[in-house]
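Hello,

Here is the structure I promised to pass on to you. Please have a look at it first, and then read on for what turned up in it.

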Amino acid sequence: RVGAAQPRAMASESEAQRALQYEQTLMYGHYTQDLGTFAKDEAARLRLQQGQGEGGTQRPRRPSELLEYTQGRCAPCRVCGLQCQRFLISKVGEDWVFLILLGLVMALVSWAMDFAIATCLQAQKWMYGGLDTNVMLQYLAWVTYPTVLITFSAGFTQILAPQAVGSGIPEMKTILRGVVLKEYLTLKTFVAKVIGLTCALGSGMPLGKEGPFVHIASMCAALLSRFLSLFGGIYENEARNIEMLAAACAVGVGCCFAAPIGGVLFSIEVTSTFFAVRNYWRGFFAATFSAFIFRVLAVWNKDEETITALFKTRFRLDFPFDLQELPAFAVIGIASGFGGALFVYLNRKIVQFMRRQKTINRFLMKKRLLFPALVTLLISTLTFPPGFGQFMAGQLTQKDTLVTLFDNQTWAKQGLSDEFEYLGILEAWLHPRSNVFVTLVVFILMKFWMSALATTIPVPCGAFMPVFVIAGAAFGRLVGESMAAWFPDGIHTDSNTYRIVPGGYAVVGAAALSGAVTHTVSTAVIVFELTGQISHILPVMIAVILANAVAQSLQPSLYDSIIRIKKLPYLPELGWGHHEKYNVRVEDIMVRDIRYVTLNCKYRDLQHVLHSTKMKSLPLVESAESMILLGSIERAQLGALLSHQLSPQRRLQVLRQKALADDSHRISNASIRFQISTEASSGTPSRTASRKPLKPALKRVTSSLAEAPPGESVPGFPSPCLCSTADPSLSTAGTTDHAGIALKSLFCANTTAEPTE
C-alpha cells in the first residue's frame, strides 16, 4: 500500500508545484502554459465539480434551476415568465436588452428633469410678473428665487454626495482610462446629481446640463448592471463594464439634445483616447432609442405636434449663403478659437484664485453655502430686467435666447419700407435708447464672464450650453447682423437678390465656440441635429476646424483643465509645441533611489521606511534580491498597521499569550517526565538536567538511533540518567525498545548537551 501510494503522492505534489508555478507566473506576467488551454481546462474542471454532488455522486439536474419558483399558487406563472425571459435573452442578446433599458431610463429621466426645470422657470416668471406694481418686490422675488434654489442644490449635494459636484465628464474620462474613483457611480451620487442639477438649472443661472447628463447616464448604466439580477453576472467583467460606460456616455449626450449621431461622436472625442470599434453599434443603438423616446414623450405631453428637431430653424434652402460670405465664417471660427481659450483660462484662474487665497479659502470652507449664494445674488442682480438686464435681454431663459438668436429675420434697421417688427419674446432685444448691436455686445461681454464664474459654483452643472447659447450663438448673431447692415441687399452680384441670414451666422458661431472650448469637431453634427437643417454644413465645418486649431494651440480643453485643477490621475494629450516631449522616456523622469517594502520585512524595517521617506505610496517587492514588483501599498495603511500591531494593548496581549504558553509547556513536560521515571526507573531519582526543545531533540534522537549500534549511547546524548546508575541490565534491554531509549534520551539529557535555542 505504501509503494502504491507513493507515486500518487508524487503526482499530486508535482501538480501542486505546477499550479503554484502558474499562479506565480500570472503574478509576474509570464505564462508557462497557453492561456486559452488553461481556461478551457479550468472551465471543464468547474463544470465537473458542479455536476457532482457530495461524495462524488452525480447530482440530479433540476430543470432550468427553477425549483425555487415551483412553490406557491402562482408557481406555473412564475416559471413560465422566467422561461420566456431566458428565451428572449438567449435569442435577442443581453446587450440589446441592457441598451434598451438604458435608453428608456435615460429618456424618462431627461424628460422628467426638463419638465421640472420648465416648471421652476415658469414659477419665477409668474412671481416676477405678479409683482409688477412694485419694483422692489420684483427685485426681491427675482433675486431670492434662484439664490434659494442654488443654495439648496449646493447643500443637498454636499451632504448626500460631494462627488456629484461639477460636470462629470472629467471624472468619466479618468474612469474610462481604467482608474477607479470611489463613490462616483453609486446610487446616492445619482440621486444627488439629478436633484441638484434640476434645482441648479431651474434657478435660471447660466449653467448647462450636457456634461452632468454624461455622468448621469454612466451612473445609470452602472446601477443597471449592478442591481438587476438579470445583468448582475454578465457585466462584472471590467472590460464589459468599460464598454457599457462608453455607450452610456453617448446616451447622455443623445437624450440631452435629441442628437444621437452627434452624441456618439461627441462622447468618443471627449471621453476616449482610443475607442474600440465594437462599441460603435452599442452607442448608436442606445443613443438613437433614447433620443426617440425623449421626443415621443414631448409629443405625448403635447409640447410638440410631431417628432422634430429641438430648435427647429427654417433657413433658406435654395441659396443658404454666398461663397463670398465664407471669409466672414472663417473670421467667426478664428475669433471663437481665441474666445474658447479665453473662457478656459478665465475659468481656471477663478478657481485657482479662490484656492490660493488662504484666508478666503478657509472662510469659504467653513461657510460652504456662502460662495454659491453670493455668486447667484451677483448674477441675478445684474440680469434684473428693469435694471441693467434691460440691455442684455435679462428676462430670457437659455431656451428662449437660443430660439431668438436662430431667428431667420434680420433685426438691424436697413432703411427699407418693410421694417422688422419685434414680436413676442423678440421684444427682449429691443431697447428704445440703444440699437441691437449694443444689446448684443453687452450680452456677450456680461454673459461670458458670468458663465465662467457660474460654472465654478459647487453644484452639478456643465458649461457646454452656456458657451453654446450665450457666447457662441450671440457672437455669430452679432457678426450676421453686422454683415446684414453692411450689405443690405446681399453680396450676390447677379440679378437675383438674396439677403444675408443672420441666423445662419448664429449657428456657425455656436458650433465654433463650443467646439473650441471642448476641443471637439462633433459639435457641428450636434448643431445640424439641433436645428434640423444641414444647409450650412460647409461654413460650420470651416469655422469649427479653425476654432479647434486656434484653441488647441493656446489652452487645453475645458475638461482637461478641470482634470488638472482636481489633480485626477489622467495623462492629457500633448498640445502644440510640445511634440519634442515624445522622446522623453519614463527612465528620464522616474525616481531611482526609492524606498520599498519586502514580503519578509519586520516592523522595525517598516518604521525605518516610513521615517526615511515621505512618499504617499510605497512599492511592495518580493525580496531585496529579486526586486520583483508585486504591487503598492499606501503610507496611511502602513501607519495604521504599525499603530495597531505595536500598540500597548497588543503588547500586553502577546505577553499574556506567551506566559500562558510557557506555563502549559512546563506542566506538560513535568507530567511526561513523571511517567517515564515511574515506569522505567529502579528507584534512583533522576538528575536535574537542562531540557532541550522538543522538535530539535526528536530530530537528533531519531537520526542518531538509526546509526548507533545496540547497547551504545547516542553521540551528543550521554547515557540516560534513569538507566545509567540503577540497573545496568537496562542498557542491553534497550536494544529491544528503541522508543523507550528515545524518550529517555529526550527528557533526561545531562548538562553537557547543546545549549537551548
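Predicted model: local features only at pLDDT ≥ 70, side-chain atom pairs only at ≥ 80, totals over all residues.

Lys 366 has a relative accessible area of 68% and is exposed, because exposed stands for anything over 50%.

There is a nonpolar patch as well. Phe 152, Leu 187, Val 191 and Ile 195 make up this patch of about 310 Å². Which helix gives the most to the nonpolar patch? The answer is H7, with three residues. Phe 152 sits in helix H5, residues 135-160, and is partly exposed at a relative accessible area of 43%.

Helix H7 deserves a visit of its own. This helix runs over residues 187-202, and its 16 residues should span 22 Å at 1.5 Å a residue; the C-alpha atoms at its ends are 23 Å apart, which agrees. Is H7 mostly enclosed or mostly open? Twelve of its 16 residues are buried, so the helix is largely enclosed by the rest of the structure. Among the buried ones are Phe 190, Lys 193, Val 194, Leu 197, Cys 199 and Leu 201. Just after H7 comes Gly 204, with a positive phi of about 90°.

Next, the salt bridges. Side chains of opposite charge can pair when their charged atoms come close. How many salt bridges does a search of the whole structure find? It finds six, and I would like to show you three of them.

Glu 171 is buried, with a relative accessible area of 1%, whereas Lys 566 counts as partly exposed at 34%.

My next stop is the salt bridge in which the side chains of Lys 173 and Asp 560 meet, at 2.8 Å from N to O. Here too distant parts of the chain are linked, with Lys 173 in helix H6 and Asp 560 in helix H21, 387 residues apart. Lys 173 is buried, at a relative accessible area of 6%, and Asp 560 counts as buried at 13%. Why does 13% count as buried? The reason is the cut-off: buried means under 20% relative accessible area.

The last one I picked is between Arg 477 and Glu 481, with the closest N and O atoms 3.0 Å apart. These residues are four apart in helix H17 (residues 464-486), so about one helical turn separates them. Arg 477 counts as buried at 0% relative accessibility, and Glu 481 is likewise buried at 0%.

While you are looking at helix H6, please find Thr 174, which is also located there. Thr 174 counts as buried, at 0% relative accessibility. Thr 174 and Thr 271 are 97 residues apart in sequence, and their C-alpha atoms are 8.2 Å apart in space.

Finally, two backbone details in loops. Glu 183 is not a glycine, yet has a positive phi of about 65°. Where is Glu 183 placed? Its place is the loop between H6 and H7, and Glu 183 is partly exposed, with a relative accessible area of 36%. Met 627 is another residue other than glycine with a positive phi, in this case near 55°. Met 627 lies in the loop between strand E2 (617-621) and strand E3 (629-634), and is partly exposed at a relative accessible area of 40%.

Enjoy exploring, and do write back with any questions.

Best wishes

Methods:
Residues numbered from 1 in each chain as written. Heavy atoms only, no water. Buried < 20%, exposed > 50% of the residue type's maximum accessible area, 1.4 Å probe, protein only. Expected span 1.5 Å × (residues − 1). Salt bridge = Lys/Arg side-chain N within 4 Å of Asp/Glu carboxyl O. Patch = residues over 30% accessible without salt bridge, like charges linked within 9 Å, V, L, I, M, F, W, Y side chains within 5 Å. Areas by Shrake-Rupley, 256 points an atom, 1.4 Å probe, with all protein chains shown as cover.
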